[in-house]
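Hi everyone, thanks for making the time. Let me put the structure up on the screen, and then I'll walk you through a few spots in it.

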Amino acid sequence: MSTPDNTRELNIPGFEGLSNFHWNWSPARLYECAIERGEGKVAKGGPLVVKTGKHTGRSATDKFVVRDEETENTVWWEGNASMTSAHFGALREDFAKHMKDMELFAADTFGGADLDHRLPVQIVTEFAWHGLFVHHLLRIPKGDDLTNFAPEFTIINLPSFRADPARHGTKSETVIAVNMSERLVLIGGTSYAGETKKSVFSILNYLLPEKRVMPMHCSVNVDNNDNAAVFFGLSGTGKTTLSANPDRTLIGDDEHGWSENGLFNFEGGCYAKMINLSEKAEPEIFATTKMWGTVLENVVMDEESRELDFNDNSLAENSRGAYGLSAIPNASLTGKCGQPNNIIMLTADAFGVLPPIARLTPSQAMYHFLSGYTAKVAGTEKGVTEPTATFSACFGAPFMPRHPVVYGELLRDLIAEHKVGCWLVNTGWTGGTYGVGSRMPIKATRAMLNAALDGSLNQAQFRMDKNFGFEVPVSIPGIDDALFDPRSTWADGNAYDAQAQKLVSMFIDNFAKFESHVTDDVKQAAPVKAA
């Protein structure tokens, strides 16, 4: 064990006397230490390749929020598992004991680029490579910000810790416990680095709405005239691909806030999926896999040549790469821009029902934001082609501690206040369901988005969709008019009608849990069942 480089303590209750930390090490020192300790290996070009073991993604069933006076009436308990204060107290005590003789890495960081709303967070990690990950993904204070740093939250991540369900009230040996009162998050039993990043996101999602700041699971880009766009979308909808536009500056690819000052990135880097990554399709992301210091989780590497195989999913389907925003040529290092001009809600409708683009009112935007719809194709079982509807409130329900309606109402109000254009974009299927129809042409989708973002689409002629009630363009120059009338693309119009009504029913059934929490204007934004 090397000697800690200073004696600074955590200075939080329950961890008094601990000073075995390497504070605010540089990426180079963390990288070197990770190699020395055998935490990872160096791939061709210099990225650090690591394995996370059995947890190759978030362990959603092992996440808990402490239920106490602070959270009893503020946390959405239908969507968040609770832990008692007593169980957390035992967990805190055992974490402190476990840390006593360990060599640990600590970093002062900020969550959020907006100086009025950023959250100072100190993060303690057991692994040096986790420290490097934190340096990439969070915003690192410098100068006076570092000298005067005063943490408001602490996150401690110890993969070697094993929770005891009987003593700690957990479901397994893995735990992610969030205590809003003590401003403390304890993570144990998992090496997946994304748990730390998402813990910061969850904290901000809890704190910011009280300040009338909207936290969002989205990507953001902006043009040279400060014309900003927000992209919501679940996995597989094209959020990363469509927001990565060489003609626009990327503010961030995952987590943002919307304040009185405009849009701002919560993070200082990207955590991109690596599976099936190709240089042709995503050249900017691919380039980061050849850079010194990029952290690659569960990417298969040839031990001799040190070449990477992004098509090999034997370690994980959810292989990831972590790197700073400075690695992306057209990314904003300030992490900030003005108020949004447009909001894009992406869905990959594998039922072939939704139009390729539709204009939403603020109330309709809230309805579809709370619905968070996409559809996943089967593809894993031979002969099974029926899609499955997926609904995730706020396009990120697992990270939303408060009731989804809190975020939905704030979004609706901000849209109306700033007169933001809202669009539902279907990147899924046309001409039939998955297996019958074809995928929406990416060239057409980009053309529609460009028309929406530059404002020209607002001048088009629109029709009212009889099933969903939103406005759909009749035509856009350069795009086949038939795409805008999904029914006409089906060989059997009656089959389309039947499938459309099935999807309408799915939306209505899913939204039932929100009915008693929303105002009449949002209820009226629901799709309509045929008489």
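Let's begin with a pair of helices. This is a predicted model, and in it helix α1, residues 27–36, packs against helix α3, residues 128–137, at an angle of about 150°, with the two axes 8 Å apart. Angles over 145 degrees count as roughly antiparallel, and α1 and α3 are therefore roughly antiparallel to each other. As for handedness, α1 passes α3 in a left-handed crossing.

Which residues of α1 and α3 meet? On the α1 side you'll find Pro27, Leu30, Tyr31, Cys33 and Ala34, and on the α3 side Ala128, Trp129, Gly131, Leu132 and His135. Sorted by class, this contact of α1 with α3 has eight nonpolar residues, two polar ones and no charged ones.

Now for a second pair, further along the chain. Helix α9, residues 362–371, packs with helix α13, residues 493–511, at an angle of about 80°, and here the axes are 10 Å apart. The range for roughly perpendicular is 65 to 115 degrees, so α9 and α13 are roughly perpendicular to each other. From α9, the residues Tyr367, His368, Leu370 and Ser371 meet Phe507, Ile508, Asn510 and Phe511 from α13.

Please find Asp254, in the loop between β13 (249–252) and β14 (255–259). Is Asp254 buried or exposed? Its relative accessible area is 11%, and buried means under 20%, so Asp254 is buried.

What does the side chain of Asp254 make polar contacts with? One partner is the side chain of Lys197, at 2.6 Å, and another is the side chain of Lys198, at 2.9 Å. Setting aside residues up to four places away in sequence, Asp254 touches Lys197, Lys198, Met216, His217, Cys218, Ser219, Lys239 and Glu267.

Next stop, Asn179, which sits in strand β9, residues 175–179. With a relative accessibility of 3%, Asn179 counts as buried too. The side chain of Asn179 reaches the backbone nitrogen of Glu182 at 2.9 Å. Beyond its neighbours within four places in sequence, Asn179 is in contact with Val66, Asp68, Phe88, Phe153 and Leu184. If you'd like a sense of scale, Asn179 and Thr445 are 266 residues apart in sequence, and their C-alpha atoms are 43 Å apart in space.

Most residues other than glycine have a negative phi. Two residues here go the other way. Asn298 has a positive phi, near 60°, and is not a glycine. You'll see Asn298 in the loop between β17 (295–297) and β18 (300–301), where it counts as buried at 2% relative accessibility.

Cys394 also has a positive phi, about 65°, without being a glycine. Cys394 lies in the loop between β25 (388–391) and α10 (404–418). And how buried is Cys394? Its relative accessible area is 0%.

Technical notes. Residues numbered from 1 in each chain as written. Predicted model: local features only at pLDDT ≥ 70, side-chain atom pairs only at ≥ 80, totals over all residues. Heavy atoms only, no water. Axes fitted to C-alpha atoms, helices over the stretch in contact; angles between N-to-C directions. Helix = DSSP H or I, 4+ residues; strand = E, 2+ residues; numbered from the N terminus. Parallel < 35°, antiparallel > 145°, perpendicular 65-115°, else oblique. Left-handed = near helix turned anticlockwise from the far one by under 90°. Contact = heavy atoms within 4.5 Å. Nonpolar A, V, L, I, M, F, W, Y, C, P; charged D, E, K, R; others polar. Buried < 20%, exposed > 50% of the residue type's maximum accessible area, 1.4 Å probe, protein only. Polar contact = N/O pair within 3.5 Å; in protein donor to acceptor, adjacent residues only side chain to side chain.
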